[in-house]
Amino acid sequence: FRQRPVAVVAVPVSAAKIDFEIEALGPARANESVEVTAKVVNQVAAVRFTEGQQVRRGDVLVELDSEQERADLAAAEAALAESRSLYRRSRELYTTKVLSDSQIEQIEATYKANEARVASARARVADTVVRAPFDGRVGLRRVSVGSLISPGTVITTLDDTSTIKLDFTIPETFLAAVQPGLEITARSVAFPDDRFAGKVASIDSRVDPATRAVTVRALLPNPRGLLKPGMFLTVRLSRGEIDALLVPEQALVPEQGDVFVFVVQGESVAKRKIRLGQRRVGDVQVLEGLAVGEVVVTEGTQKLRDGASVTLQSAAAAPGAAQS
């Protein structure tokens, strides 16, 4: 018993030029961002910044009590001065053989140890001054004069928002088309009339195995300071026109996460898996699985299986054929 041919409507795969565009969403991040903390346990002696202030790298933000550290430094410098003088006199005596090799070596070792103690004391004094690690804008003040703070205590935040990092994901099918340097535009609901231009800076080295997507990072200049870290932005990438293969959307047969079409081969059809690209009204781009000129079924796919016999109908005749 041979199954009766199924009446279908089919159209050829077409080649056309389409505008390559990708839309995605992503959070804005500061170019540099840090929570300012101290290295030591100490008491706040002075706060040298105001909330929201723009600061430069190296500017003093907070001074801690440094009385003990400066006293230790003075003692270490005094010991170094004494050992330096003794070492110089000893070198003169050594040339006249008054001192032995072991004696001059011990004096030199003491001199170098005192140099190290001075360097260590100076570092401890430097740790009592908290400075801005880069140019940026400070956030809210979290400490007061007299507060006892320890390593990890947040003094304030510092963000460099002169440039905004925007991370978003794109399907792996677009990976070859997105390269560093590609221009993008971003929009925010907070500023609906503004467009923020930027460029793709880098692309993650890994594709997420669950979502089959890859993270892209773009940099957006932010001279007016409108964009804030944490804002959600809509980003659009465009590369102009590209050559593409198109099929009507109604030809697609989704099945268990994959997409298939029925390709007409003589008087029968073959079920074929395809990989999709961009969508536009009524059509979809095919990246893999079809060639120009191949004919795909657009009406009657629900009655087909791989290898089924078909008869081609025009679009107008198809409803009647289906009723028969």
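Analyst: In this predicted model, four strands make up an open sheet, lined up as β6-β5-β3-β8 with antiparallel pairing. The edges belong to β6 (129-131) and β8 (148-149); each has a single partner strand, so one side of each is left without a neighbour in the sheet.

Let's start at the β8 end. Strand β3 covers residues 42-47 and runs antiparallel to β8, with 2 bridges joining them.

Val130 has 7% relative accessibility, under the 20% cut-off, so it counts as buried. What does Val130 touch, leaving aside its neighbours within four places in sequence? Its contacts are Val36, Thr37, Ala38, Asp59, Val60, Leu61, Val62 and Ile155. There's also Glu63: it is 67 residues away from Val130 along the chain, yet their C-alpha atoms are separated by 6.3 Å.

As for the nonpolar packing, the largest core has 25 residues, and Leu166, Phe168, Ile170, Val178, Ile184, Leu220 and Leu237 have the most contacts inside it. Elements giving two or more residues to this core are β2 (14-37), β9 (154-171), β10 (183-188), β11 (191-208), β12 (213-221) and β13 (232-248). Another core, of 16 residues, lies apart from that one, and its members include Ala38, Val44, Phe49 and Ile149. Among these, Ala38 is one of the residues in contact with Val130.

Technical notes:
Residues are numbered from 1 along each chain as its sequence is written. This is a predicted model: local features need pLDDT of at least 70, side-chain atom pairs count only at pLDDT 80 or more; totals for chains, interfaces and linings use all residues. Side-chain values use heavy atoms; hydrogens and water are left out. Two strands pair if DSSP finds at least two bridges between them. Buried means under 20% relative accessible area, exposed over 50%, partly exposed in between (1.4 Å probe, protein chains only). Contact means heavy atoms within 4.5 Å. A nonpolar core is a set of buried Ala, Val, Leu, Ile, Met, Phe, Trp, Tyr and Cys residues joined through side-chain atoms within 4.5 Å.
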